[in-house]
Amino acid sequence: MDTRNIQVVKDLLATPQKIVIVAHQNPDGDAIGSSLGLFYFLKSMPEHQVSVVMPNDFPEFLKWLPGVDEVQIFEKDMEGVSAIISRASVIFTLDFNTFSRVGKMEMALREATAKFVMIDHHQLPDTYATATFSDVTMSSTSEYVFHVIKSLQPEYLISKEIGTCLYTGIMTDTGSFRYATTSPTTHRVAATLLEAGVSNAAIHEHVFDANTPQRMNLLGVALKNLVVLPEYRTAYITLTQQELDENHFRKGDTEGFVNYALSVRGVILAAIFIENKQEQIVKISFRSKGIFSVNDFARNYFNGGGHINAAGGRSNKSLEETIIEFKTILKEHKASLNAD
């Protein structure tokens, strides 16, 4: 852990602060888990005022987490959340490293006079923060928050609430501890959280075993739309706006669908293309195995980025045009996709 940045944060927290914790647009399990875990830690210091804000709403399968009632949504109250940000003296940005990741809330952050603290594990961090904790080898931002807490207060006892939030973030961002970024340290952190009273079985059930019939029907549609391109060791899924509407789509319903494409034998690159008529874009998620970087792929072609093996992007073209473009781009990467 960077001792200089830890000292910077200690100095900031040595006096009463108005603290805001914010994560990225379309927050996932790691974004919500890390934010609420940090929230409970900072709330244990009664001299501080602590708020959690998100750019937009998050999936239903995360709304059982302790502290979710404290989360304020920018898209539901732009004026109120902007005021909270403007009054902040310290802002923690979690699970993102560039202001463009917060969507319509970007201007509020750019105009803020607060000191920023970044905790993140994505590549190429911006330089806006007074203290930057950035490590791409970290399994998740939730694991990173655990290490920051322990560095700030080594004797601090992780509560069940903090542990539940952080465990959820770690579990979801590591694919239930199966991704390559899951290190021995990750498992030791998870063990510490279990010792704090966390129920791993209950968390897994809340996140993965709470499917609605509509989501299962949508998964069936997605699998029917699966296309495999063996010459490129690639598979992709498409979902049109009509298919989403017919199956009563709710935020979070397509979470994990792209992994089914990646699970096809021989496939090392997977994608899902989801039409969004309201925003007039196609949302894209990429996954890969081995050394093929979907972070570079998303950055170079689809206005996105993320990790080496997990990234997101978007296209302003139609769904049909986006698929044609994707297939054309694959031709340029045929050699690397077929390299052993």
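**View 1. Pairing of β8 with β9.** Strands β8 (residues 234-239) and β9 (residues 269-276) run parallel to each other and are joined over six bridges; strands are DSSP runs (E, at least two residues), numbered from the N terminus, and pairing requires at least two DSSP bridges between two strands. Opposite L239 stands I274 of β9. The model is predicted: local features need pLDDT of at least 70, side-chain atom pairs count only at pLDDT 80 or more, and totals for chains, interfaces and linings use all residues. Residue numbers start from 1 along each chain as its sequence is written, and side-chain values use heavy atoms, with hydrogens and water left out.

**View 2. The mixed sheet.** Six strands form an open sheet with mixed pairing, in the order β7-β8-β9-β10-β12-β11. Its edge strands, β7 (227-229) and β11 (305-306), each pair on one side only.

**View 3. The parallel sheet.** A further open sheet of six strands, with parallel pairing, has the order β3-β2-β1-β4-β5-β6. Because β3 (71-73) and β6 (131-134) each have a single partner strand, one side of each is left without a neighbour in the sheet. On average, neighbouring strands here are turned by 20 degrees against each other, direction ignored; axes are lines fitted to C-alpha atoms, for helices over the stretch in contact, and angles run from 0 to 180 degrees between N-to-C directions.

View 4. β1 pairs with strand β2 (residues 49-54) in the parallel sense over five bridges, and V22 has V53 in β2 as its bridge partner. Helix α2 packs on the sheet and touches β1, β2, β3 and β4, its direction making about 170 degrees with that of β2; contact means heavy atoms within 4.5 Å, and helices are DSSP runs (H or I, at least four residues). Helix α1 (residues 3-13) lies across β1, β4 (90-94), β5 (115-120) and β6, and runs at about 130 degrees to β6.

**View 5. Two loop residues with positive phi.** Most residues other than glycine have a negative phi. N26, in the loop between β1 (18-23) and α2 (29-43), has a positive phi near 55 degrees. Its relative accessible area of 33% makes N26 partly exposed; buried means under 20%, exposed over 50%, and partly exposed in between (1.4 Å probe, protein chains only). H248 lies in the loop between α10 (241-246) and α11 (257-262), and its phi is positive, near 55 degrees. H248 counts as exposed, at 56% relative accessibility.
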